[in-house]
Amino acid sequence: MNERVKLQEADRVEAKTPEDLRRADEDLRLPAIAPREQYPIDVRAPEAREQTNAVGQRATRPDNRLQGLGQLKYIADFSFPGMLFARIKRAGIAAARIVRIDTSAAEAMPGVMAVLTGSEIPVNSFGPSYQDQPVLAQDRVFHAGDGVAAVAAVTEQIAEEAVERIVVEYEPLPAVFDPIEAMRDDAVRVHEDGSNIYTSKTIRKGDIEKGFADSYRIFEETFRTQMVEHVPLEPHAAIADWDANGRVTIWSTLGRITLGRADIARTLKMPMSRIRIAGTIVGGNFGGKNEITQEPVLALLSKKTGRPVKGTYSREEEFLATTTRHPFIMDYKTGVTKEGRILARKIRLVLDGGAYCSWSETTLGKACILSSGPYKVENLLVEAFAVYTNKTMTGAMRGFGAPQVCFAYESQMDDIARALDIDPLEIRLRNAFDEGAISPTGQVLHSVVVKESLAKAAERFGWEARTP
Amino acid sequence: MTDIAITVNGELRKASVPSETTLLQLLRDNFQLTGAKLGCDVGDCGACTVIVDGAAVNACLMLAVQAEGRDIITIEGLANRQVFHPLQQAFEESGALQCGFCGPGVILSAKALLDENPDPDVYEIRDALAGNLCRCTGYTKMIEAVQNAARILRGEPEISSRMISR
């Protein structure tokens with residue numbers, strides 16, 4: 001006791017000037033956080049207002065250093081005070097009517113802060129072309145990956161457990177999984193209103209009947225491609241924070257924040273001016289993060305709880321509940337001359353659209369335009385259909401339909417070359433676009449270097465020296 | 001709850017966590033070392049790779065309690081105040097990463113390799129990175145970067161050729 005008094009007196013004696021006071025203050029302050037580490041390698045930055053060259057300079061990505069140091073912050077690395085974790089219950093059944101959703105057991109769990117079902121979403125539909133996708137399935141389930149309810153809890157594990165305690169009673173409905181079957185008039189309707197063929201496109205050029213009649217040989221083949229998931233290493237993730245001013249901020253892996261905001265505004269039925277979306281570093285997109293997924297759900301959970309809510313998809317959900325690449329069924333009928341020149345081509349494309357439209361319209365359009373390849377085809381008929389099935393929805397993925405049709409027309413090119421005993425490179429050179437060629441949809445093409453590129457590539461990889 | 005004491009990047013760290021906590025959760029949630037990423041949670045992608053007693057390990061498959069008393073190196077422990085690790089330098093200079101989500105895991109797998117084998121050939125590098133999936137790059141520049149880092153570590157001049165021997 002006496003010592004403490006003595007010490008205090010000593011302090012008082014020492015602190016005579018403002019400088020002494022300041023020093024005493026600093027001495028008391030313990031370094032709570034170690035100083036931020038300084039990395040010694042100089043970052044070369046130009047002086048202010050200095051003109052620098054870009055051409056001829058070696059370029060590195062501005063985020064490369066942070067990546068290597070593990071300092072780049074993705075959504076999963078963000079956290080906010082009081083943040084809750086959301087999980088979504090997946091239907092696990094391809095087609096059904098939802099009879100009843102019982103969330104009482106989940107709500108009673110300690111640590112569960114809110115549960116959300118489709119009926120609580122102001123406008124429960126979204127989509128970039130057609131608004132045919134529910135945020136959470138409400139009356140009907142259209143594919144096994146549909147979300148039916150969501151939970152926000154204090155830990156991810158509690159949220160996961162709570163999701164398992166939600167009971168959903170289904171009345172199973174007949175489902176259709178094959179797009180060709182789905183195109184029939186008597187097929188099961190995936191969506192009650194309207195045909196399963198939800199978008200189609202036709203390109204007509206020249207006279208295919210005459211072209212086929214003039215042909216030396218006609219080749220017919222069906223090509224199929226499979227469904228592909230983007231598998232970005234970073235799963236879809238978002239954090240929503242609904243503040244007391246009635247504004248919502250969403251940090252998201254969304255690649256298209258402006259389009260996403262319009263979709264979120266629609267589903268939440270609130271003006272865009274009250275929604276702020278922060279796009280962050282994305283750990284791989286490949287087209288799979290081009291539209292909203294769980295963002296409205298997180299926003300509403302945040303509104304219910306008054307706390308920020310984070311949602312991260314599991315790898316399983318990435319496969320079940322996010323878009324994939326369209327499987328194509330491609331019928332190619334091609335008439336050629338004896339020299340292998342294409343006279344006429346008839347193409348039918350069937351895109352397995354899955355349960356929702358997503359970016360199918362765009363994919364269908366691009367696939368159509370590119371379906372005859374970089375080749376001169378004077379007489380062409382392309383008919384393309386996107387079809388609903390009770391499967392995971394298909395959407396944008398690198399190339400928007402171009403890789404699928406490329407597989408078909410190049411495979412057929414090889415078939416024709418083999419049958420007519422023409423060199424596979426030669427047959428392509430005979431048919432390829434020239435400068436000023438006209439595309440199937442009438443565009444005049446400039447800077448066409450298909451032939452030069454092929455010739456150069458063949459020279460580089462030693463086409464002449466091959467062993468057939 | 002279980003008490004755990006492990007060495008992370010040379011520092012003794014303690015935590016009290018539920019028994020089912022994985023090493024990855026311990027590092028990310030308790031120690032705020034978010035360099036190791038959660039990609040698949042089933043040991044397929046390698047985004048969570050850390051070095052445990054010298055070996056590259058999927059932190060999502062190891063329980064925190066299994067790491068008790070062990071020596072862990074995470075991506076945050078590679079650079080110190082004096083220098084970058086040559087791997088980090090080489091990865092930056094060759095632009096070996098694109099989205100970067102796999103990066104910390106890849107670099108640590110490569111470090112575990114170079115600690116054992118200072119002069120690996122391309123096949124040995126590929127083998128060491130086999131547990132790390134990358135969807136962006138196609139691995140070519142990563143392999144080039146690992147070779148360059150190995151040269152720096154051996155004290156040889158770097159070769160910044162774009163072509164690597166296959």
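# Questions about a predicted two-chain model

Biologist: In β6(A), which residue is the bridge partner of A:R100?

Modeller: The model is a predicted one. In it, A:R100 has A:E169 as its bridge partner in β6(A).

Biologist: How do you know that β2(A) and strand β6 of chain A are joined?

Modeller: Between β2(A) and β6 (residues 167-172) of chain A there are 6 bridges. Pairing requires at least two bridges, so these strands count as paired. They run antiparallel.

Biologist: What makes strand β2 and strand β4 of chain A a pair?

Modeller: Strand β2 (residues 96-102) and strand β4 (residues 140-141) of chain A share 2 bridges, in the antiparallel sense. The requirement is at least two, so 2 is enough. At one position, A:A96 is opposite A:V141 in β4(A).

Biologist: Why is helix α9 of chain A called largely enclosed?

Modeller: Helix α9 (residues 295-305) of chain A has 11 residues and 8 of them are buried, so the rest of the structure largely encloses it. The buried residues include A:E295, A:P296, A:V297 and A:L298.

Biologist: Which residue follows α9(A)?

Modeller: A:G306 comes after α9(A), and its phi is positive, near 75°.

Biologist: Why is B:G131 called partly exposed?

Modeller: B:G131 has 17 C-beta neighbours inside 10 Å.

Biologist: Where is B:G131, and what is B:G131 in contact with?

Modeller: B:G131 sits in the loop between α4 (122-128) and α5 (140-154) of chain B. Setting aside neighbours within four places in sequence, B:G131 is in contact with B:G46 and B:S109. The C-alpha atoms of B:G131 and B:A47 are 9.1 Å apart, although 84 residues separate the two along the chain.

Biologist: What makes the sheet of chain B open, with strands at the edges?

Modeller: The order of its 5 strands is β2-β1-β5-β3-β4 (chain B), and the pairing is mixed. β2 (11-17) and β4 of chain B have a single partner strand each, so one side of each has no neighbour in the sheet and they stand at the edges. On average, neighbouring strands are turned by 40° against each other, direction ignored.

Biologist: How do you know that strand β1 of chain B is joined to β2(B)?

Modeller: Strand β1 (residues 2-8) of chain B and β2(B) have 7 bridges and run antiparallel.

Biologist: How is chain B divided, and how many residues make the contact?

Modeller: Chain B has domain 1 (2-74) and domain 2 (86-154). Their C-alpha centres lie 21 Å apart. Domain 1 of chain B puts 15 residues into the contact and domain 2 of chain B puts in 12. On the side of domain 1 of chain B that touches domain 2, there are 8 nonpolar, 5 polar and 2 charged residues.

Biologist: How many residues of domain 1 of chain A are in contact with domain 3 of chain A?

Modeller: There are 21 residues of domain 1 of chain A in contact with 23 of domain 3 of chain A. On the side of domain 1 of chain A that touches domain 3, β1(A) gives the most, 5 residues. That side divides into 17 nonpolar, 2 polar and 2 charged residues.

Biologist: How many residues of chain A are in contact with chain B?

Modeller: The contact joins 28 residues of chain A to 33 residues of chain B. Helix α3 (residues 64-69) of chain A gives the most to the chain A side, with 5 residues.

Biologist: Which residues have the most contacts inside the largest nonpolar core?

Modeller: A:A86 and A:V151 do, in a core of 158 residues. Another core, of 5 residues, lies apart from it, and A:W359 and A:F400 are among its members. In soluble globular proteins, nonpolar side chains tend to be buried together.

Methods. Residues are numbered from 1 along each chain as its sequence is written. Chains are lettered from A and ligands numbered from 1 in the order in which they are written. This is a predicted model: local features need pLDDT of at least 70, side-chain atom pairs count only at pLDDT 80 or more; totals for chains, interfaces and linings use all residues. A nonpolar core is a set of buried Ala, Val, Leu, Ile, Met, Phe, Trp, Tyr and Cys residues joined through C-beta atoms within 7 Å. A residue is buried if 20 or more other C-beta atoms lie within 10 Å of its own, exposed if 12 or fewer, and partly exposed in between; C-beta atoms are placed from the backbone. Domain bounds come from an automatic or database domain assignment. Two residues are in contact if their C-beta atoms, placed from the backbone, lie within 7 Å. Ala, Val, Leu, Ile, Met, Phe, Trp, Tyr, Cys and Pro count as nonpolar, Asp, Glu, Lys and Arg as charged, and the others, Gly among them, as polar. Helices (H or I, at least four residues) and strands (E, at least two) are DSSP runs, numbered from the N terminus. Axes are lines fitted to C-alpha atoms, for helices over the stretch in contact, and angles run from 0 to 180 degrees between N-to-C directions.
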